[in-house]
Structure formats: C-alpha cells, structure tokens
Amino acid sequence: MLAGVGLLAGCGRAQLYGSPELPRAPRQPPVEYFRVDWWKGLVDKVPLLEYSPREPASPVYEPESRNVIAQTRDGYIHAVGPDGTLSWSFRTGARALAGAMTSEGVVYAPGGDGTLYALDGATGKVKWKYPTQESLATVPVLADGLVLVASDTDTVFAVKASDGTWVWQYRRDPPSGFTIRGASAPKVDQGTAYVGFSDGFLVALKVDDGGVIWEKALSGTGTEFLDVDSTPAIDSAGRLYVASYKNGLYALEADSGAVLWNTSVGGMTSVLARGEVVFAAGDSRVDAYLGETGRLIWSLPLKDKTALAPVLARGMLLIPNQNALLFVDPTTGKTRMAWNPGRGISAPPYVVGSRVYVLSNNAYLYSLDMNNVEKGPRG
C-alpha cells in the first residue's frame, strides 16, 4: 500500500510520474490505479500572497460538446475540450461554491454572484439567467422541466429549465448560532424533492409547486451546528439517507419521514448509497454501514482531515480530503493510494465511465483514465 504526494500526472508525451504542480517525481512509482491523459491550468492570475487556495466546485462533463465544465475561484466558468484545450470561458460576478449540471447541451451553473446561468455547452453563450440575490451553494438538479438549486442561506429555488422563469421557492430561517459551511442539494425521486437545512430539518417538497409533504427534525434542540447539509440519498429499497452534523446518519422512510435507524456518530456532512451499503463522510472519518440495519461495516479514520463527498469509480471509492484524493477499497475501507497533485483537492471528482475529471485546489483540471490500468495487490 503506498500513499504518495504528487504521484501521478501527465499528458500525451509527458512522463507518467511528472506533474505541472509538483515537478519532481517520487522516488518510487505508485501502484497504478489510473493514468493522466491531460491536464489544464485554468487560473492565470493567482492572487498575491494567496496562502491556501480552494476550489470547491466539482467539474462536470457535457456529452454533446464533449467539453468538461469547471468553475474556478476567479469567478470564471471554463469549458475544456476532449484534448485538454480550452473551448471557451464565461465570467460571472464571483467565485462559485458548487459545480454545474448539464442536460441536452445546456450548462446550468450556480454563480457565486447569486445568479443561476444557463449556457450553451458548445459556445458558452448565455441562454438565460435568473438572479436569486443569494449565494448559490449546490449543484443544480433538473426535474420535471424545472431546475432546482439551493442557496447557503436556506432557500430552494425552482425555475423553468426552458427560459429561467421563476416557479416557486421554499425558505427556512437559519438558526441563531454557528452553522457548518455548505448546503444540501435537493434529491428528487418520484416527484418529491428531499432537502436538508441548517436548522436541523429534512423537508420533503412537491417538485411541481414546492408544497411541503412532510418535515422532520433530526438535530434536536439547540442553536449551533444543527446542520443537515448532506445531499440525501435513496437506495433501491426506497430508504432515504441523510446526515445530521450533530446527531449522525439517519435512514428514513421516504414517503413519511419515519426514522428507521440512526447511528449517533456526529460530524458527517455527505452520504453515498450504493447497493446495500451507505457511505458517510465528514470530520476525521469515512464510514460504511449496512443500509437495512445501520450496522457499521468499517470505519476509516482520517486524523484531523475532513472527508468531502465521495464518488465511486471502477470499483474504487474516491474521497477528496482537501490535502489529497484518497483511493479507498469500498469493501474493506483500506486506503490504497493518496494522490495530491500540488495543493490538494476540495471538489468531488466527476466520473463518466472509466474517465474521472478532477479539479485541484490550484485550479488544474485533470482527465484521469482508470481503464486498462494494472491494479496493485489488495493486501
């Protein structure tokens, strides 16, 4: 098992273990879990004396134009083509807090300036824009002809995907005390949008008009760190999973909000459900639980690091923790490799088949290929 810093990088003719952010190669090559096809630096002017850059917006692939869309801390939306060259850039008013979503050639991007943009994926031309007057903090969701997006001040907006016309919005009052950075993106299933809020409530809303179906308090009493900021997940059995930062992971009945089980492990900020297993990530740890009963399968301690939203790619669990991208065996919880291209990774990667797109904190966009790569020993 080998954890490296600045381990793999490269482009068509570059050395396999070179890196544009860390030019010196490690003494020993790592176990080969992926190959870097290309990289592209997206921020030309780095702020003077910038100490700890962060890029929180996940990239996304737009299949019609074959562009990768990435939003960066300088307030730009970039489109990078399949060969790693820049296709177009669009300037917004401020840095983005979350990545974009694409559908049928359109890029729906939550600008840090409080504007939801619909751009042509091939050209970057504006189709429409909707000013929310609030800082948008989640990847948009497309459902029943509507685009849903949430702000970091606990408002969910729904606008028409065709022209950006406002349809409805739902707002809750944030608590008076401290809250955790981040927001819950709506999870839509069978006409219902499930959303968590910083006051500790999980709410089920009708997608068509924003009407409340049910609401459930998950964080008990108090005024601080009540957040239910994880984007909910639903498994094949219809169980709804969400994490309260204060009270841990919950499994609920999706139609009623009734609690099935609760782990009482606090500090969790994201969940991922696959098959019979639900993964929960957050402060200093990543856990895997059996979805039916909540029994702990394994726990991966991260010391003082925070695990951000995990994704699955080619049988590996990829977990950004700001310092690196961890490659974790989802069956055992063992870390197989840690890849840090320079200043770490804060945004969740985006997976398309065997291709993984990663945005580093230095605003380098990487295209990783996990196909036909020789895997190392599992011991």
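Among contacts (heavy atoms within 4.5 Å) between residues at least 6 apart in sequence, 48% join residues at least 24 apart in this protein chain. The model is predicted, so local features need pLDDT of at least 70 and side-chain atom pairs count only at pLDDT 80 or more, while totals for chains, interfaces and linings use all residues. Residues are numbered from 1 along each chain as its sequence is written, and side-chain values use heavy atoms, with hydrogens and water left out.

**The whole chain.** Display the secondary structure. The chain has zero helices and 31 strands; helices (H or I, at least four residues) and strands (E, at least two) are DSSP runs numbered from the N terminus. Of the 379 residues, 55% are buried, where buried means under 20% relative accessible area, exposed over 50%, and partly exposed in between, with a 1.4 Å probe and protein chains only.

**The core.** Next, select Phe-34, Leu-318, Phe-327, Trp-339, Val-358, Leu-368 and Met-370. These have the most contacts inside the largest nonpolar core, which has 17 residues. A nonpolar core is a set of buried Ala, Val, Leu, Ile, Met, Phe, Trp, Tyr and Cys residues joined through side-chain atoms within 4.5 Å. Among the elements that give two or more residues to this core are β26 (316–320), β28 (335–339) and β30 (355–359). Now centre the view on Val-358. Select Ser-244 to find Gly-248 of β20 opposite.

**Two loop residues.** Select Gln-190, in the loop between β14 (187–189) and β15 (192–196). Its phi is near 50°, a positive value in a residue other than glycine, and Gln-190 is exposed, with a relative accessible area of 77%. Then go to Arg-314, in the loop between β25 and β26. Arg-314 also is not a glycine, yet has a positive phi of about 50°; at 46% relative accessibility, Arg-314 is partly exposed.

Note on methods: Pairing = 2+ DSSP bridges.
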